[in-house]
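Here is a short tour to read alongside your viewer.

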Amino acid sequence: MSDKLKVGILGGTGMVGQRFISLLENHPWFEVTTIAASERSAGKTYEEAVGGRWKMTAPMPEAVKKLVVMNVNEVEQVAAKVDFVFSAVDMTKEEIKAIEEAYAKTETPVVSNNSAHRWTPDVPMVVPEINPDHMKVIDFQKKRLGTTRGFVAVKPNCSIQSYAPVLTAWAEFEPVEVVATTYQAISGAGKTFADWPEMVENIIPYIGGEEEKSELEPLRIWGKIEDGVIKPAEGPVITCQCIRVPVLNGHTAAVFVKFNKKPTKEQLIEKVRSFKGVPQELELPSAPKQFIQYLEEDNRPQVKLDVDYENGMGVSVGRIREDKVYDFKFVGLSHNTVRGAAGGAVLCAELLKAQGYITKK
């Protein structure tokens, strides 16, 4: 019998669910034992349920092919088989909120990739290198839910991963105004070029809801726990435009920053290169050894060259330079379905295990 924690994937047939399954193959702590999806997939083997819709470049892991998919709405039955679940369900926001809390109330921790609970005041929304201490709000959430080990934790939006860690590294210089334009890959919409042919050689200057998330979610990450809830930080002021571009994986951000305490370019580079957090100190299995790399070449970071830095869990930064209107500008790049989605959630689960919140049932 394996001593690994038994993991369920809710919404396991979709693109992010597939990424979870791909990333968790051979994971040292976690083993996918249960996959749940919609009623139409339930009762089929995972291989049959996904059919020709496997979207990862690596082949489907052998260990999951013959797993019989369960109905995600049969909460008690799914929860009985696992120690915790990752959630990547495709439902309305209200349905997601309800089903994730239902799983939590069966004493099953839920680590979610979805946005539904990102603004629930006692649900931690965590980038493990930035705000690992926010997991402490789980103790207050459990009181509300009436649970002893069940809770919901979430990771933030994929679009902020290419600039929020950089701004965190520069916190001592007090960023006050940030202008960011993100150039976002089509996999962020759960698509490939095969199923979204109109994106070939095209740019769409709108992604529903994304600009609000990109402007506000960093403030919640930089907030503090007060009276059992997370109070967002008041600054810096962030304004954002989010654009869909013909790239499969990788969100790029072009960012302008004004500081209260203007640094030098050399200080900014040193801060990003030396920035690390609890995942690096604990050497968590999915943690990048170096979270942020700085690239000196004028034409970097590039999606083709840099998106898989640190197995897609690192952030690449380049072109830090002084600006005529703001103090400095830079370009950031992160892998949207690894660090920005499934990989970021796996790292959160590793942190939760290290902190004692996720244990065997």
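The charged end of Lys-258 sits over the ring of Tyr-326, 5.1 Å from its centre; for such a contact, NZ of Lys or CZ of Arg must be within 6 Å of the ring centre and within 35 degrees of the ring normal. Arg-220 lies over the face of Trp-119 at 5.9 Å from the ring centre. This is a predicted model, in which local features need pLDDT of at least 70 and side-chain atom pairs count only at pLDDT 80 or more, while totals for chains, interfaces and linings use all residues. Residues are numbered from 1 along each chain as its sequence is written, and side-chain values use heavy atoms, with hydrogens and water left out.

Lys-258 also has a place in the strand pairing: it is the bridge partner, in strand 11, of Glu-177. Helices (H or I, at least four residues) and strands (E, at least two) are DSSP runs numbered from the N terminus, and two strands pair if DSSP finds at least two bridges between them. Here are two pairings of strand 7 (residues 175-184).

| Partner of strand 7 | Sense | Bridges |
|---|---|---|
| Strand 11 (residues 251-259) | antiparallel | 8 bridges |
| Strand 10 (residues 237-244) | parallel | 8 bridges |

On the strand 10 side, Ala-180 has Cys-240 as its bridge partner, and Val-178 stands opposite Ile-238. These strands belong to an open sheet of 6 strands with mixed pairing, in the order 10-7-11-14-13-12. Strand 10 and strand 12 (292-295) stand at the edges with a single partner strand each, so one side of each is left without a neighbour in the sheet.

Now for the aromatic rings. The structure holds 12 aromatic pairs, counted for rings of Phe, Tyr and Trp (its six-membered ring) with centres within 6.5 Å; planes under 30 degrees apart count as stacked, over 60 as edge-to-face and the rest as tilted. Trp-29 and Phe-30 form an edge-to-face pair, 6.3 Å centre to centre with 80° between the planes. The rings of Trp-170 and Phe-330 have centres 5.2 Å apart and planes at 85°, so this pair is edge-to-face. Trp-170 lies in the loop between helix 7 (164-169) and strand 7, and Phe-330 in strand 14 (residues 328-334), so the pair ties together parts that are 160 residues apart in sequence. Both Trp-170 and Phe-330 are buried, where buried means under 20% relative accessible area, exposed over 50% and partly exposed in between (1.4 Å probe, protein chains only).
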